[in-house]
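Here is a short briefing for a reader who is meeting this structure for the first time. Please keep the sequence and the model in view while reading.

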Amino acid sequence: MKKKIAVLTGAGVSAESGISTFRDSGGLWDNYNVEDVASIDGWYRNPGLVLDFYNTRRKELASASPNAAHLAIAGLEKDYDVTVITQNVDNLHERAGSTRIIHLHGELTKVRPEDSCNDRDGFSEAKVFDIGYGEIHLGDLSPDGVQLRPHIVWFGEAVPKIESAIDAVEAADILLIVGTSLQVYPAAGLYRYAGRNTPIYIIDPKDVPAYDRRITHIRNVATAGMEEFRRILERQKAD
Ligand code: OAD
């Protein structure tokens, strides 16, 4: 049986594809107020601004491609049973070939009616549909006549996929974390569900606020860090 690897990714894994991170200097939250464009209150205050923000993100994604880190994560499936848990709303893991992906914070290329919220029971998947890299505007309605919103989990909303993410981390033999500042919960707390003796590798060029004896910090960007991680796996196989 293949060993299980859970991979938790954040904006840093897509940085080398040219997609801005949020909290690095020059990142998205330097240029936008997170409360305005990525919270449920922001949506009700000024939905046009929110739609513009995500229309721009979708356009940016259309011209981006998976980088060597996304490809290396997909390549792990050759030897391991891999679940990717991503906070990213881009589709670069899919385009790199990963087959099991949990999108904790939603997906940029999908929309749903604004009355299907991330409530306690989660939104109705049946109402979610793909718009590719197109735009949505005020007045664009679902088949049942409700304003469309981006299929994104905003601040102030529940995270319906967190339970399946916890299951994947609990079941993992190895946990790999790539390119997240671990500032946003509940994703930031996921590593605590790893088994008592499960090794945790964190790839990030900067310090990250995770302190645990199981953690090995690979202080590098995602592409080079994934090469180091592969070498660690090879050495483990040889032992
Ligand atoms: P952040 O922008 O908070 O953190 C990005 C992390 O990536 C930092 O730790 C950087 O050091 C690291 N990084 C930068 N360049 C890198 C590279 N080339 N290779 C590897 N790592 C690199 O992004 P997230 O942690 O993903 O949510 O942010 C979490 C959530 O906060 C997002 O999903 C988003 C945001 O607000 C919503 O919008 C709901």
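This is a predicted model: local features need pLDDT of at least 70, side-chain atom pairs count only at pLDDT 80 or more; totals for chains, interfaces and linings use all residues.

Residues are numbered from 1 along each chain as its sequence is written, and side-chain values use heavy atoms, with hydrogens and water left out.

- Strand β4 covers residues 106-113, where strands (E, at least two residues) and helices (H or I, at least four) are DSSP runs numbered from the N terminus.
- In β4, 7 of the 8 residues are buried, a word that stands for under 20% relative accessible area with a 1.4 Å probe and protein chains only.
- With strand β6 (residues 148-152), β4 pairs in the antiparallel sense over 5 bridges; two strands pair if DSSP finds at least two bridges between them.
- Strand β5 (residues 129-130) also pairs with β4 in the antiparallel sense, over 2 bridges, and here Val-111 stands opposite Phe-129.

**The open sheet**

- Six strands form an open sheet with parallel pairing, in the order β3-β2-β1-β7-β8-β9.
- Because β3 (101-103) and β9 (215-218) stand at the edges with a single partner strand each, one side of each is left without a neighbour in the sheet.
- Strand β2 (residues 81-86) runs parallel to β3 and is joined to it by 3 bridges, and Ile-85 has Ile-102 in β3 as its bridge partner.
- Helix α8 (residues 162-171) lies across β1 (4-9), β2, β3 and β7 (174-178), and runs at about 140° to β2; angles run from 0 to 180 degrees between N-to-C directions, and axes are lines fitted to C-alpha atoms, for helices over the stretch in contact.

**Helices α6 and α9**

- Helix α6 (residues 68-75) packs against helix α9 (residues 222-238) at an angle of about 30°, with their axes 7 Å apart.
- That angle makes α6 roughly parallel to α9, a description used for angles under 35 degrees.
- Residues of α6, including Ala-68, Ala-72 and Ile-73, meet residues of α9, among them Thr-223, Met-226 and Arg-230, where contact means heavy atoms within 4.5 Å.
- Thr-223, which lies in helix α9, is buried, with a relative accessible area of 18%.
- Leaving aside neighbours within four places in sequence, Thr-223 is in contact with Glu-16, Asn-67, Ala-68 and Ala-69.

Technical notes: Buried means under 20% relative accessible area, exposed over 50%, partly exposed in between (1.4 Å probe, protein chains only). Angles under 35 degrees count as roughly parallel, over 145 as roughly antiparallel, 65 to 115 as roughly perpendicular and the rest as oblique.
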